Amino acid sequence: MTATIARQQIVSLLRQRTFVVLLATLIVMTALAGVLGWSSHHTIVGVYDEAVKLLASRGDPAPPNPFLLKPTLALLSNMVVYIPFIGALLALVLGHLSLVDDETVGRLIFSRRISRTEYMIGKIVGAAIVLVAILLASLAVSTISLAIVNRTMPTGADLGRLAAFYALSWLYLMVFVLIGMVTVLVTRRRSLALLSAMGAWLVITFAFPQITSGLRPTQSLNPIVDPASTSQAFFRFTAKARPYSIVEQYKAASASILRTAGTESTTSILRQVAPLLGLSIVLAVVGIGLVDRHDYSSGSNDE
Amino acid sequence: MGNHVMTETEQPSAPAIELEALCHSYGDTEVLRHIDLRIEHGEIFGFLGHNGAGKTTAVNILTTLIAPTAGTAKVCGFDVAAQRHEVTSRIGYLPADVRMYPHLTARENVEFFAKLSGVKKPSTAVDETFEYLSCSDLADKRVGSFSTGMRQRVGIAQAIVHRPQVLFLDEPTSGLDPVGVRQLRETIIRLNADLGMTVFMNTHLLSEVAKVCTTIGVLDHGELIYKDTIAATTERFPDETSLEDIYVRMERSAS
Amino acid sequence: MSESTARVKALAAHEYRAAVRSKILLVLLGILVTITVVSVYVAAVDHRSKVADYAAYRAAAQASGLARIAPSTLAPLSLLRGALEYLEIIGAVVAITLGYLTVSRERANRTLTLIRSRPVTAGELASGSLLGAVGLFTTLVAATTIVGVVCVGLIGNDWINAAQGFKLLLAAIAAIIYLGAFYCVGAIATANTRVAANGLMIALGIWLLVVLILPQLGDTLDADNQIPGGLFKALTLDRAGETEILKHFSTYETTRISIEEASFAKHYERFAFAMTEVQDKYRGFSLGRLLGAKRNDIGWMIFYSFALVFGLRWSFRRQPTIPQETT
């Protein structure tokens, strides 16, 4: 039963124009990160060449090439920003689309021999598979960008890191897929569901980091996070919640995995990932509980 | 009940509604074909036809919501396409399945529409209208909690709050219970008798037409196949016992 | 009052009332207000210690009989930076939501037919709705500004003066115009799509591009931002050396700047930051000089706003009045 639901879900998502738009956006976003990485590489090399000439004319010694200071995967550092900002919004829409049409056909589904738990698990599995497919496409684009910019295929170790980063991103985005689903179940109108999901995204992405770490929104947009001044008494309480600020944990863990900012031990990375995993499980359980109580009798699908 | 709306230069000799070679199509589909129709002031006109015959399209044109593809349509002598402002100042409209703003009270809803129609003292007009329709008890309740019948009464209130000269009703009895249907019928007759409103009503219910209307028109596949007074109609078809039989006969002969 | 003005007024009042009764809008506003207050509070607490430090320095300098006391470099208005940024990002979402609700509400309730069967023109409908929305934004921005100023005064121990107050007022007006523009984006996108939820998604896509992606792109492409800590610093170059080198990258810089210019949000941000002394280089500028320096941003903001208001009128004029399924 679960497999039938998941399969039906995948087919129906693939047939929707919105899905194509989501996929295209993610691919463009990855390619953009690649182009930015290439441009950064190009700029650094260009500036360095000019700087060497300028310093030589002044009689100063040439500084070391700063590009050597940049880790190989730094090319993708923008992805660490794009996933929580753009990717998460796309994931919300994916979760939303997975359930919203069943507000009208739910009557037909549940008048058959299928339990609501089976149904919801099927939906989650279907969306998870679709998300894997989208991220695999993004991974392919990333690998190609790396090969083009560095003029050599990434090493096995780099590919491993890249894969780990995408696995983490998948987990992060699953949280938003589930939020997209849960908001359909707790609201009666399509738009209300979409806006509530958006509200949750705003809280996770902007409100939480502001409260726990004093990060202003423009600081949140930067892949390289400056430590904010959190010496105040206010943060003595709120900083305790920082491990649960999933966007901050995601960015920190990603930076460690990609080695773009410092290196952390595997255990500390796992500690950063734990709340993310916990939240996904909680949301999935909540979703299953909600679907059980959801009213599918009216067959109305108000905007 | 006083007239709350300022009227502009009237065209007294003009009929309430006048259609000349009116056509309308949606893409390649012709919905109305060369309709000629004249309805005088004070009439209650019942517009009959099966689903998809084009009745709602005709009302949409007469209420200026869509422009005709060809031909002319005039209300009180004003062209619906060229003189939208003059037309909309003189009409009231109750669409099929009227909904309104669920979070507002009945009074707030009707008052808003009264203001849009330029009623000078909207709150007095609303009170008078609710009283006239004997539904003052609904005034301060939110429309979202209303039954179909209650919503219909508020719908009529918004349609007449500015005392229009011509009232358009699109399938006004759909979804109403027998009591509601009777109340609506009485209201239409009163509006016509007390305020001299011309009423243009799209409907399926032939029994209602027989009890309320003074004139009927029958639309079939976009063509007006019949128009006459109720009295003349029953005289013309002496063999038929009811309007329903007459209607079926007309439809058959048309097809 | 002419009949048309009366109708626009009725539509504006209607829009405002519908907005304050919408739960989702209130929730979004709640999120916005909460984090704005937190950001201003945090900044104000920091500021208080700096004000105290300066007062101590001043007292010590006076006591030791120093003739020249360095003036304070503190800019109390800059504490509102967080508030302005949240209006830029979350405020825009609120504005889009309101624009979306304006159109979808009339469709879902089937009231557009009722409105359009009255003597109301599409232009009046557009003006009335926009005015109602601007009324709501004015309330929001005024509340944010007042709370901000009081926070800075009470917590930060630094009350702003009349000249600063006037500059803040200009920043607030820019914020209202900015939100009004995003309201138009939400309403235009919804009015032009058959399924209202798709319109909302399109508008949010535009928001993503204009508010997050374009400014972030411009910032990321900045040559100096390529290395943590600054590329030019890593190359041991001074300001003169930086200018010298950037001369070789003029096309690159033009591209980068035009990417930023394309974003309406960036213009609002630059203007508002200049007015509130967020950027050091504008501190101490007279108002005239400040406005002169920001004329480009003012021009772009006016251009975008006019284009969007015309777009709104155009969209309202051509959006189908009757539900699509009727014959």
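**View 1. Helix 9 of chain B lies across strands 3, 9 and 10 of chain B.** Helix 9 covers residues 243-254 and strand 9 covers 215-220, with the helix running at about 35° to that strand. Helices (H or I, at least four residues) and strands (E, at least two) are DSSP runs, numbered from the N terminus. Angles run from 0 to 180 degrees between N-to-C directions, and axes are lines fitted to C-alpha atoms, for helices over the stretch in contact. A quick note on the model: it is predicted, so local features need pLDDT of at least 70 and side-chain atom pairs count only at pLDDT 80 or more, while totals for chains, interfaces and linings use all residues. Residues are numbered from 1 along each chain as its sequence is written, with chains lettered from A and ligands numbered from 1 in the order in which they are written.

**View 2. Here's the open sheet of chain B, six strands in the order 6-7-8-3-9-10.** The pairing is mixed, and two strands pair if DSSP finds at least two bridges between them. Strand 6 and strand 10 (223-229) of chain B sit at the edges with a single partner strand each, so one side of each has no neighbour in the sheet. On average, neighbouring strands are turned by 15° against each other, direction ignored. Helix 5 of chain B (residues 148-160) packs on this sheet, touching strand 6 and strand 7 (166-170), and its direction makes about 165° with that of strand 6.

**View 3. Strand 3 and strand 8 of chain B run parallel.** Five bridges join strand 3 (residues 44-48) to strand 8 (residues 198-203). Look for Gly46(B), which stands opposite Met201(B) of strand 8.

**View 4. Helix 5 and helix 6 of chain C cross at roughly 140°.** The axes of helix 5 (residues 122-154) and helix 6 (residues 162-191) come within 9 Å. That makes the two helices of chain C oblique to each other, the class left over once angles under 35 degrees (roughly parallel), over 145 (roughly antiparallel) and 65 to 115 (roughly perpendicular) are taken out. Residues making the contact include Phe137(C) of helix 5 and Tyr183(C) of helix 6; two residues are in contact if their C-beta atoms, placed from the backbone, lie within 7 Å.

**View 5. Chain B meets chain C through 30 residues of chain B and 21 residues of chain C.** On the side of chain B that touches chain C, helix 3 of chain B gives the most, with four residues.
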